[in-house]
Structure formats: C-alpha cells, structure tokens
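This report goes through a protein chain and its ligand, from the overall contacts to single residues. The sequence and structure come first.

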Amino acid sequence: MTLVAERRNLSPAPAEPGPSRSEAGVPQASLPPPLLRVSNLTLEYRTPERVVRATHRVGFDVYEADRFILLGPSGCGKSTLLKAIAGFIPPVEGTITLGGEVVRGPGPDRIVVFQEFDQLPPWKTVAQNVAFPLRAAGLVSRREAEARARHYIDKVGLTPFADSYPHQLSGGMKQRVAIARALATQPKVLLMDEPFAALDALTRRKMQEELLILWEEVRFTLLFVTHSIEEALVVGNRVALLSPHPGRVRGEYNGHDFDLASVGGDAFQAAVQRLHDRLFETDPETSVPPAPAR
Ligand SMILES: Nc1ncnc2c1ncn2[C@@H]1O[C@H](COP(=O)(O)OP(=O)(O)OP(=O)(O)O)[C@@H](O)[C@H]1O
Ligand SMILES: [Mg+2]
C-alpha cells in the first residue's frame with residue numbers, strides 16, 4: 001500500500017497550553033508508565049577551551065504511540081537531546097529511561113532519521129539499505145530482513161525503486177528510504193531530527209502527510225525535532241517548547257489534532273500565534289538585565 005490515502009480520524013482542536021498528562025486530572029493509577037522518560041537532563045559539550053551547556057535540566061515523558069515534538073529555536077539543544085536519547089552523549093546530570101531501563105549507549109531500540117540526504121550508503125540499493133540495519137544488528141535472518149524491507153519500502157510507496165541506488169532518487173525519496181529503514185527495525189521510539197527541513201515546501205507538506213498516514217497504520221512512537229511551529233502542530237499530538245540556549249522546557253502543549261487541512265484556518269493560526277509568542281517571550285529566569293544607561 002502506498003501513502004496517498006487521506007488522513008483519517010483526526011479532528012481539529014485548538015492547541016491549548018495544557019497540563020502534562022500527570023497533571024490532567026486523570027488518576028495516576030490509570031496512566032500507563034511513560035515509554036521514554038527524560039528527567040532533569042543536563043547535557044554539555046567539553047572542548048579544551050570551554051564547556052558548552054546545551055540543555056539545562058530538561059524533563060518530559062513520551063508515551064507509547066505519541067507523536068512528541070521538541071520545538072525550539074536554533075541552538076537550543078534539540079539535536080543534542082536526540083543524540084543523548086539515541087545514546088551517543090552521556091548526561092552531565094539527570095537520566096533517560098526507555099521502557100524502564102536507563103539508556104547507557106546506542107541500541108537498535110532507538111533509531112534516528114536525520115535531515116541530510118546523504119545518510120544512506122550510496123553503494124547499496126534501496127532494498128539493501130533498508131535491510132542492512134536488521135542484518136547488522138543480527139535482529140533477523142536474511143530472508144526475514146528482505147521480507148521486512150520489502151514491506152516497509154511498500155509502505156513508503158517506493159516498491160518500483162527497490163533496486164535503485166540513492167543517487168537515482170530525489171531528496172524526498174531518500175528521506176522515505178531513511179524512514180522505511182528506521183521503521184523496519186521496529187524501534188521502541190523513532191527519533192527524527194528535522195527530517196524534512198531540507199526539502200522544498202511542497203515536498204515537505206507531502207512528507208508530513210505521509211508520515212501521519214504511516215503513523216496511523218503502524219502506530220510507532222515518534223520523537224520529532226523541528227523549529228517550525230506549523231510543522232510541530234501538524235505532525236505532533238504533544239509539543240514541548242524549549243527556551244533558547246541552553247534549552248529548558250518552557251511548556252507543553254497537548255490535546256491538539258491539527259492536520260494539513262487545518263493549515264491557514266483561524267484555529268490553526270491562533271495556535272501558531274500562541275506558540276510563537278511563547279517561543280519568543282523573554283524568560284525572566286535566563287534573561288540578561290539591560291545595561292545601565294550612561
Ligand atoms: N560538537 C559540539 N561541540 C561543542 N558545542 C556544540 C557541539 N554541537 C553543538 N554544540 C552547541 O550546543 C548547543 C546546542 O546545539 P544543537 O545542535 O543541539 O542545537 P539545535 O537546537 O539542534 O539547533 P538547530 O535548530 O540549529 O539544529 C549550541 O550552542 C551548539 O553550538
Ligand atoms: Mg539541530
């Protein structure tokens with residue numbers, strides 16, 4: 001099946017700044033435990049000259065089948081957070097747990113789709129690219145890997161290109177291969193770092209739509225980074241807003257179910273405006289006071 005069907009079952013609702021699930025008045029006992037818990041996470045880069053604090057005590061919970069968005073300005077630590085969750089950067093303080101286990105390094109239960117089009121080895125065909133991580137991680141037999149690769153290539157509508165090489169594909173098609181490759185490993189959480197940012201506007205919209213259709217079919221758990229407010233509202237069911245460098249969680253917005261058909265509508269524009277205002281307001285905790293007048 002390809003990804004050209006209409007999105008279903010998603011009714012628009014205004015994006016309101018909402019309490020997190022744990023505060024939403026639902027008895028705690030009825031909540032499932034979060035799949036991914038990021039708590040009090042401080043991440044730093046240490047160079048011989050200096051220490052750069054990328055995030056400061058960031059915390060959020062991602063539940064199974066969430067489409068959780070990290071939205072924030074450039075340099076606020078979104079990619080760093082994703083890399084830490086993928087297991088490539090150890091925390092300075094705080095913890096990351098996935099399925100109740102502390103994340104201590106990379107693993108096949110987390111996989112990242114990046115923005116760059118060159119994330120596919122060019123000497124492998126589409127089918128080989130998608131099957132490769134399954135074989136490399138020793139997850140399944142060769143036959144099973146090939147069957148699973150075919151299944152996910154079909155899901156992203158690329159069956160006619162299964163034997164093509166990356167250089168024969170458009171940017172959008174390469175990103176579809178990267179998504180198929182990620183989903184084929186059936187990760188506990190799919191991590192996406194601005195996967196559509198390098199695409200033209202029309203292709204970007206189409207990819208957002210396809211991702212949502214795919215999510216409806218597969219119901220994977222998604223952690224998606226963007227600095228586009230519109231993209232956050234279209235793709236996500238929950239949005240964590242990060243402050244400028246170093247990133248902290250400014251607020252969480254949930255309960256909205258906009259889709260591409262909502263774009264341009266009054267409710268959508270109002271939600272964009274609210275998030276925009278919140279994103280650019282000065283944070284009294286971190287703002288620098290104005291210099292005294294001379
Ligand atoms: N390898 C590195 N060494 C030192 N500092 C780094 C390194 N990578 C990132 N940083 C710094 O960490 C901070 C967070 O960077 P990060 O790439 O996570 O931001 P981002 O939110 O993903 O930004 P963008 O939206 O531009 O991709 C920035 O101040 C950046 O300069
Ligand atoms: Mg980034």
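Of the contacts in the protein chain with a separation of 6 or more, 73% are between residues 24 or more positions apart; two residues are in contact if their C-beta atoms, placed from the backbone, lie within 7 Å. This is a predicted model, in which local features need pLDDT of at least 70 and side-chain atom pairs count only at pLDDT 80 or more, while totals for chains, interfaces and linings use all residues. Residues are numbered from 1 along each chain as its sequence is written, and chains are lettered from A and ligands numbered from 1 in the order in which they are written.

The protein chain contains seven helices and 11 strands. Helices (H or I, at least four residues) and strands (E, at least two) are DSSP runs, numbered from the N terminus. Of the 294 residues in the protein chain, 39% are buried. A residue is buried if 20 or more other C-beta atoms lie within 10 Å of its own, exposed if 12 or fewer, and partly exposed in between, with C-beta atoms placed from the backbone.

**Strand β9**

Strand β9 covers residues 222-226, and it is largely enclosed by the rest of the structure because five of its five residues are buried. L222, F224 and T226 point one way from the strand, and L223 and V225 point the other way. Two strands pair if DSSP finds at least two bridges between them.

| Strand | Residues | Bridges to β9 | Sense |
|---|---|---|---|
| β4 | residues 67-71 | five bridges | parallel |
| β8 | residues 189-193 | four bridges | parallel |

F224 is the bridge partner of I69, and F224 is also the bridge partner of M192. Helix α5 (residues 201-218) forms a right-handed β-α-β unit with β8 and β9. A crossover is right-handed if, with the strands pointing away from the viewer, the path from the first strand over the helix to the second runs clockwise.

Which residues are the closest to ligand 1? They are Y45, S74, K78, S79 and T80, in a shell of 14 residues. A residue is near a molecule or strand if its C-beta atom, placed from the backbone, lies within 6 Å of it. By class, four residues of the shell are nonpolar, nine polar and one charged. Ala, Val, Leu, Ile, Met, Phe, Trp, Tyr, Cys and Pro count as nonpolar, Asp, Glu, Lys and Arg as charged, and the others, Gly among them, as polar.

Both β3 (51-62) and α1 (78-86) supply at least two residues of the shell; the largest share, three residues, comes from α1. Seven of the nine residues of α1 are buried, namely K78, T80, L81, L82, A84, I85 and A86. Just after α1, G87 has a positive phi of about 100 degrees.

**Backbone geometry**

Most residues other than glycine have a negative phi, and most peptide bonds are trans. N40, in strand β2 (residues 36-46), has a positive phi near 55 degrees. N40 counts as exposed because it has 12 C-beta neighbours inside 10 Å. R57, in strand β3, has a positive phi near 45 degrees. With 14 C-beta neighbours inside 10 Å, R57 counts as partly exposed.

The peptide bond between H245 and P246 is cis, with omega of about -10 degrees. P246 is located in the loop between β10 (238-242) and β11 (249-254).
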